[in-house]
Amino acid sequence: MNFKMFHILFSNQKKKFKYNINQLKFLFSLHILNSFEANGRLGNFTKFKFLPKTYLQAPFSLGRTIRGLSFDKHLYSDPFAIFLKKIIENENDNKLINYLLSCYDREHNLNASDLIRLPNKILSKYPGWALVLPWDQSAIDIKFKNYPIQFIKNRLKFYKEIENTNEKNYQKLFYSIENAKSQLIQTKELYKSIKKNGLRKSKEMPKIHILINGNEWRWLMSGQGNHRAYILNELKYQYLECEVDSIISKNDLTNLNNVKNNIFSEYEAEKIFDHFFKGDKCFRGMT
């Protein structure tokens, strides 16, 4: 059996296993939280509801945006939430684009260390768009190398005019009017679709990290489904239908990927974790 065939078989087995686990969760309603859990507490069986790669109804009252801000108390310290609110209020496209450009202008000279407000020597060598957090799987040098290509592929879905960009100029697009136009098209189209049709079920559900601190928990958006999460919250949905990506426990920060590889100290990881748990500070830019 060649590697390709093995990979296909292994992938199919994983999908089958994931499907079976989710069916069991649905059967016993383990994708739904009880009132105790929905208030941010951990019960005797909550750990079964948080199994990674399985579905969960996560209440927005406990959620954190990908930038680290609570959906209920500090949402409008998140620049993307402000952008979406302006769209909902029917602000004209030129003003919306100028708003994004003003965000980019504030951010383009910031390094990754500036964004987390900690004097980290490694992060200070990289631009803000390359920021990784303690629980991210990618190290910052890998993200710095790969993210521009991923970024272009994503933006091309919504704004074809950037497809002839020379690879040497990819990084310039992060803070460009082309990026702003692409974001505007994507967000407006998705908002109109969800408002009209609701959230369509797809193979790729929004993904979240579960944050655990003692007997309490919160959830944090992962890298998939962020636009949908912002929009559903603005449309007053109570829950996000999502998939658990990983569990991050404050008692186990030393085993996080970017702590083990010494990008972050345990002290830095704890400070960042605490702010995400509280949901009171913005830790990412708009790119």
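Student: Asn-90, is that one buried or exposed?
Tutor: Exposed, with a relative accessibility of 69% in this predicted model. That clears the cut-off for exposed, which is over 50%.

Student: And where does Asn-90 sit?
Tutor: Asn-90 lies in the loop that links H4 to helix H5 (93-107).

Student: What's up with the phi of Asn-90?
Tutor: Phi there is positive, about 65°, although Asn-90 is not a glycine. Most residues other than glycine have a negative phi.

Student: OK, Lys-53 next. What's the phi there?
Tutor: Lys-53 is not a glycine either, and its phi is positive, near 75°. You'll find Lys-53 in the loop between helix H3 (46-49) and S1.

Student: Switching topic: how far can I trust the model, what's the mean pLDDT?
Tutor: The mean pLDDT of the protein chain is 90, and 89% of the residues reach 70 or more. Residues 1-11 are another story: pLDDT is below 50 there, and beyond near neighbours in sequence that stretch has two contacts in the model.

Student: How many helices and strands am I looking at?
Tutor: The chain has 11 helices and five strands.

Student: What order do the strands take in the sheet?
Tutor: Going across, S1-S5-S3-S4-S2, as an open sheet with mixed pairing. S1 and strand S2 (63-64) are the edge strands, each pairing on one side only.

Student: What about S3 and S4, then?
Tutor: S3 and S4 are antiparallel, over six bridges. His-209 faces Leu-220 of S4 across that pairing.

Student: Remind me what holds paired strands together?
Tutor: Strands of a sheet pair through backbone hydrogen bonds.

Student: Now H9. How many of its residues are buried?
Tutor: Nine of the nine, so H9 (residues 226-234) is largely enclosed by the rest of the structure.

Student: Which residues are those?
Tutor: The buried ones in H9 include His-227, Arg-228, Asn-233 and Glu-234, along with Ala-229, Tyr-230, Ile-231 and Leu-232. Asn-226 is buried too.

Student: What covers them?
Tutor: The cover includes helix H4 (79-88), helix H8 (177-197), strand S4 (216-221) and S5.

Student: And what follows H9?
Tutor: Lys-236 comes after H9, and its phi is positive, near 70°.

Student: Zooming out, what share of the chain is buried?
Tutor: Buried residues make up 46% of the 287 residues.

Student: Last one: what share of the contacts join residues at least 24 apart?
Tutor: It's 67%, taken among contacts between residues at least 6 apart in sequence.

Terms used:
Residues are numbered from 1 along each chain as its sequence is written. This is a predicted model: local features need pLDDT of at least 70, side-chain atom pairs count only at pLDDT 80 or more; totals for chains, interfaces and linings use all residues. Side-chain values use heavy atoms; hydrogens and water are left out. Helices (H or I, at least four residues) and strands (E, at least two) are DSSP runs, numbered from the N terminus. Buried means under 20% relative accessible area, exposed over 50%, partly exposed in between (1.4 Å probe, protein chains only). Contact means heavy atoms within 4.5 Å. pLDDT is the predictor's confidence in each residue, from 0 to 100. Two strands pair if DSSP finds at least two bridges between them.
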